[in-house]
Amino acid sequence: MARRRAQDIVVARVGELVVERDPARPTGRLLRQGDMDASYVDLADVRHLEFDYLRWARLVLRAAGARRVLHVGGAGCALARALADEDREGRQEVVEIDPAVLEVAREHLGLRRAPGLRVRVGDGRERIAARPDDSHDAIVLDAFVGARVPRHLVTIEALTDAARVAPLTLVNLVDTRALDDTRAVAASLLQAYAHVVALGSRGLRGGNVVLAGSTAPLPADRIAAGAAADPSPARLLDRAELLRLVAGTVPARDADGI
């Protein structure tokens with residue numbers, strides 16, 4: 001999101017973490033980490049999701065009926081907080097590796113204890129590995145180092161373990177027009193899950209891409225219609241289209257050391 005930078009919109013600075021007030025939405029708070037927009041929450045409306053990819057992810061989770069969700073990568077915990085507020089009987093667990101991020105979220109982004117919401121510090125892959133089989137309805141991987149998802153989260157082995165824990169895994173990517181990351185992660189997801197779809201704006205020409213792997217077919221028509229009606233419309237690519245996209249791509253493995 002391109003926004004004018006002005007000193008009077010800065011709420012807090014903690015190292016490379018900056019919290020800004022949204023001039024267009026007085027109760028909106030944007031968390032930036034370095035050059036990246038890391039999270040956005042509305043202090044007055046926890047269900048508001050400013051980032052398009054989070055709305056797309058919520059659409060998939062709703063369509064799949066996922067109520068027990070493990071979120072890897074927390075920042076402001078916007079998606080988990082929105083889902084917890086919508087479904088007080090559900091279970092949203094967030095794993096964030098950086099305690100400083102959670103401290104900023106608690107102090108400046110309104111992160112509080114809430115029914116159905118648990119927030120922990122830890123490594124996402126380790127947390128998934130420790131989970132029993134079928135203990136979650138979905139896993140959302142929304143963790144970044146710079147602009148890339150940590151590769152140890154999206155190898156074949158990592159995503160196969162995710163499939164053991166949950167019948168649905170979503171991965172958020174920020175990609176270039178070449179779609180190199182999308183191809184690599186989709187290739188791994190296609191090894192771990194029988195059904196894989198993607199949501200992206202402008203026909204997957206870069207920017208945010210949400211990949212979803214599932215053990216059972218997702219309601220593609222419902223998801224596609226909802227994504228097309230979003231304020232930032234997204235197009236759904238089905239498994240056949242993704243297979244053509246990843247043709248010749250070698251999935252990442254733990255042995256690759258990346």
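**Entry 1: the model**

I am working from a predicted model. I started with the sheets, then moved to the helices.

**Entry 2: the four-stranded sheet**

I looked up the strand order here. It reads β1-β2-β3-β4, in an open sheet of four strands with antiparallel pairing. Which strands sit at the edges? I found β1 (10–14) and β4 (36–42), each of which pairs on one side only. On average, neighbouring strands of this sheet are turned by 20 degrees against each other, with direction ignored.

I kept one general point in mind: strands of a sheet pair through backbone hydrogen bonds, either parallel or antiparallel.

A hairpin takes β2 into β3 through two residues. I noted six bridges between β2 and β3, which run antiparallel. I picked out R21, whose bridge partner in β3 is R29.

Then I went on to the β3 and β4 pair. β3 covers residues 25–33, and six bridges tie this strand to β4 in the antiparallel sense. I marked two facing pairs. L31 stands opposite S39 in β4. Q33 stands opposite M36 in β4. β3 and β4 also form a hairpin, with two residues between them. What is the phi of G34 in the turn? I read a positive value of about 65 degrees.

**Entry 3**

β5 (residues 68–72) runs parallel to β8, and four bridges join the two. In that pair, H71 stands opposite V140 in β8. β8 also pairs with β9, in the parallel sense, over three bridges. There I139 stands opposite T169 in β9. I then looked at β10 (residues 195–200), which runs antiparallel to β12 with three bridges between them. L199 faces L236 of β12.

Are the residues on the two faces of β8 buried or exposed? I found A138 and V140 buried on one side, and I139 and L141 buried on the other. Both faces of β8 are covered.

**Entry 4: helices on the sheets**

I then listed the buried residues of α5 (residues 156–165). They are I156, A158, L159, A162, A163 and V165. What do they pack against? I found α4 (124–129), β8 (138–141), β9 (168–175) and α6 (180–192).

**Entry 5: α1 and its two helix partners**

I took α1 with α2 to begin. α1 (residues 52–64) and α2 (residues 78–86) pack at an angle of about 40 degrees, and their axes are 10 Å apart. The angle makes α1 oblique to α2. Their crossing is right-handed. On the α1 side I listed L54, A57, R58, L61 and R62. They meet A78, L79, A82, L83 and E86 of α2. The residues of this contact divide into seven nonpolar, no polar and three charged.

Then I took α1 with α7 (residues 220–228). Their axes come within 10 Å and cross at roughly 150 degrees. α1 and α7 are therefore roughly antiparallel to each other. This crossing is right-handed. L59, V60, R62 and A63 of α1 make the contact with R222, I223, G226 and A227 of α7. I counted five nonpolar, one polar and two charged residues in the contact of α1 with α7.

Technical notes
Residues numbered from 1 in each chain as written. Predicted model: local features only at pLDDT ≥ 70, side-chain atom pairs only at ≥ 80, totals over all residues. Heavy atoms only, no water. Axes fitted to C-alpha atoms, helices over the stretch in contact; angles between N-to-C directions. Parallel < 35°, antiparallel > 145°, perpendicular 65-115°, else oblique. Left-handed = near helix turned anticlockwise from the far one by under 90°. Contact = heavy atoms within 4.5 Å. Nonpolar A, V, L, I, M, F, W, Y, C, P; charged D, E, K, R; others polar. Buried < 20%, exposed > 50% of the residue type's maximum accessible area, 1.4 Å probe, protein only. Pairing = 2+ DSSP bridges.
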